[in-house]
Number of protein chains: 2
Amino acid sequence: MSVSPSLNPHVSVDCVIFGFSKETLRLLLIKRTVPNAITELDDSYYALPGDLVRDNENLDEAAARVLKELTGLTGIFLQQFQAFGDPLRISKAKDRAWLQGVRQDPDARVITVAYMALIDSNKVQIQPGSFSKEAVWLPIAEIPELGFDHNDISEGALLALREKVQIQPIAFELLPEKFTMSDLQTLYETILERDLDKRNFRRKMLNSGVITALPEKQHGVSNKPARYYVFNRNLVENGGLGFVNLKMEGSFTLFS
Amino acid sequence: MSVSPSLNPHVSVDCVIFGFSKETLRLLLIKRTVPNAITELDDSYYALPGDLVRDNENLDEAAARVLKELTGLTGIFLQQFQAFGDPLRISKAKDRAWLQGVRQDPDARVITVAYMALIDSNKVQIQPGSFSKEAVWLPIAEIPELGFDHNDISEGALLALREKVQIQPIAFELLPEKFTMSDLQTLYETILERDLDKRNFRRKMLNSGVITALPEKQHGVSNKPARYYVFNRNLVENGGLGFVNLKMEGSFTLFS
DNA sequence: AACACTTAGTGTCAATTACACACTTCAAAA
DNA sequence: TTTTGAAGTGTGTAATTGACACTAAGTGTT
């Protein structure tokens with residue numbers, strides 16, 4: 001049998017938290033501050049919220065804890081999508097500096113299990129003093145260089161989201177309880193980065209049974225008011241519905 | 001900022017290695033032997049091949065190393081599918097006994113990153129003295145109780161395989177270079193656990209462009225000889241083909 | 001030589017689904 | 001009352017799915 005590594009790695013979870021507002025997908029990022037003595041350059045940078053996994057919790061619990069400490073929310077859509085463990089993933093000076101204050105073994109590597117979370121960003125109230133002084137929703141097109149390999153992780157999350165959304169009805173997690181058909185279409189268009197036909201979209205969504213129309217309509221808009229819909233959470237979660245598959249460009253299905 | 005756990009976890013990779021022979025999906029499992037002094041019961045049991053991740057390697061490399069040490073093969077389809085980190089995942093007496101000889105910190109938990117591998121099982125020659133004295137291909141329907149949470153991991157792998165196979169043309173990795181259309185259909189039927197229509201299957205497969213017919217046919221079979229096909233590895237890997245989607249029962253596609 | 005046996009291989013039709021496309025409705029604001 | 005802007009609605013064509021049964025090509029047997 002082979003030899004153990006000389007030093008156990010640290011294991012963390014990182015959360016890629018998606019939100020949707022002003023017609024853009026956004027990530028909730030935290031601002032970290034590095035002790036000034038070590039880096040003489042700028043002393044703060046953005047990173048994904050994350051933390052080391054504690055002795056008594058499993059990975060899902062650790063991710064849920066991070067999410068709750070930052071946003072105050074529980075019971076939200078949270079799904080593991082990939083573990084990252086490159087030995088060199090922590091090589092930037094700022095990262096090493098920040099970790100000095102957190103890790104036990106300064107030379108041990110950090111392996112992280114990445115989660116993606118989908119939130120109605122209106123519900124989020126950043127919790128003071130939990131992870132950082134500051135957390136911001138940044139459009140995915142404007143994500144700066146992040147700490148560690150968090151840019152890779154974010155990109156992985158986006159790809160995973162794009163895939164998932166085509167297989168399961170989860171996009172609703174990014175919207176408020178009540179939403180209009182246009183809200184929903186815009187969301188899908190944003191995630192998939194392509195335009196969808198309005199009439200076909202409505203038909204498919206309604207036929208799918210994943211949403212229910214409310215009697216209620218918009219008020220005070222200066223055009224024809226849109227109807228509100230809700231996501232049939234119970235129906236979908238109890239398997240009362242078929243598998244939902246959003247076909248991709250150039251795809252085809254196999255088998256009878 | 002929160003407090004670190006008191007003891008760093010061990011991090012391992014485990015490989016769920018799929019093969020296909022005699023019309024059944026099989027897993028390659030190793031037999032582990034526990035020091036007799038500790039357990040007075042049976043002193044061996046099956047487990048997934050795996051190992052602790054070493055300091056200088058990333059997760060993919062660790063998994064590839066495990067695979068190579070066991071089978072001698074490189075360049076195999078190998079894909080991370082989930083990390084498992086329940087604090088109680090190692091609670092059976094046999095597991096603890098076995099780990100005594102391997103881990104540095106007997107009380108530290110073990111977090112594992114699980115990979116699935118797809119192999120043409122004819123190519124496998126078990127390497128002597130690597131992981132265990134013995135390794136066997138067991139039909140997935142006959143997997144006994146495994147060490148650790150390896151039954152959970154195996155089931156997760158099977159679900160992941162079933163999903164993957166419907167999105168990407170990867171089933172070929174389980175077959176020899178040359179295969180007949182019936183071989184391929186039987187494989188899909190085995191993985192998906194449902195019957196497929198022969199004519200529709202052939203049509204779809206040929207139209208998809210993922211396979212090419214060879215001039216060669218079977219010899220010495222006591223019936224009409226079947227044509228051989230090969231998987232278009234280059235074409236598929238270079239994105240020269242569309243996304244392949246095997247539709248699921250009751251599914252439907254959304255959007256134009 | 002004829003026949004039995006077994007698996008390979010082939011085509012069509014009906015039903016469903018995908019996709020493209022343009023005008024009317026409703027409310028507020030001017 | 002008219003203008004403005006987004007909501008909402010239907011149809012025809014093309015492509016895909018899925019159901020279905022017989023012939024072809026070998027080997028082995030009588």
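Where pLDDT is low, the predicted coordinates should not be read in detail.

Chain A as a whole has a mean pLDDT of 85. Of its residues, 84% reach 70 or more. Which strand marks the lowest confidence in chain A, and which the highest? Strand S12 (residues 252-254) is lowest, with a mean of 42. Strand S5 (residues 77-84) is highest, at 98. For the complex, the predictor gives an ipTM of 0.89 and a pTM of 0.90.

Now the domains. Chain A splits into domain 1, spanning 10-164, and domain 2, spanning 176-237. Their centres, taken over C-alpha atoms, lie 31 Å apart. How many residues does each domain bring to the contact? Domain 1 of chain A gives 8 residues, and domain 2 of chain A gives 6 residues.

On the domain 1 side, two or more residues each come from strand S2 (24-33) and helix H3 (150-164) of chain A. The table sorts the side of domain 1 of chain A that touches domain 2 of chain A by residue class.

| Class, domain 1 side of chain A | Count |
|---|---|
| nonpolar | 3 residues |
| polar | 2 residues |

Conventions: Residues numbered from 1 in each chain as written. Chains lettered and ligands numbered in written order. Predicted model: local features only at pLDDT ≥ 70, side-chain atom pairs only at ≥ 80, totals over all residues. Domains from an automatic or database assignment. Contact = placed C-beta atoms within 7 Å. Helix = DSSP H or I, 4+ residues; strand = E, 2+ residues; numbered from the N terminus. Nonpolar A, V, L, I, M, F, W, Y, C, P; charged D, E, K, R; others polar. pLDDT = per-residue confidence, 0-100.
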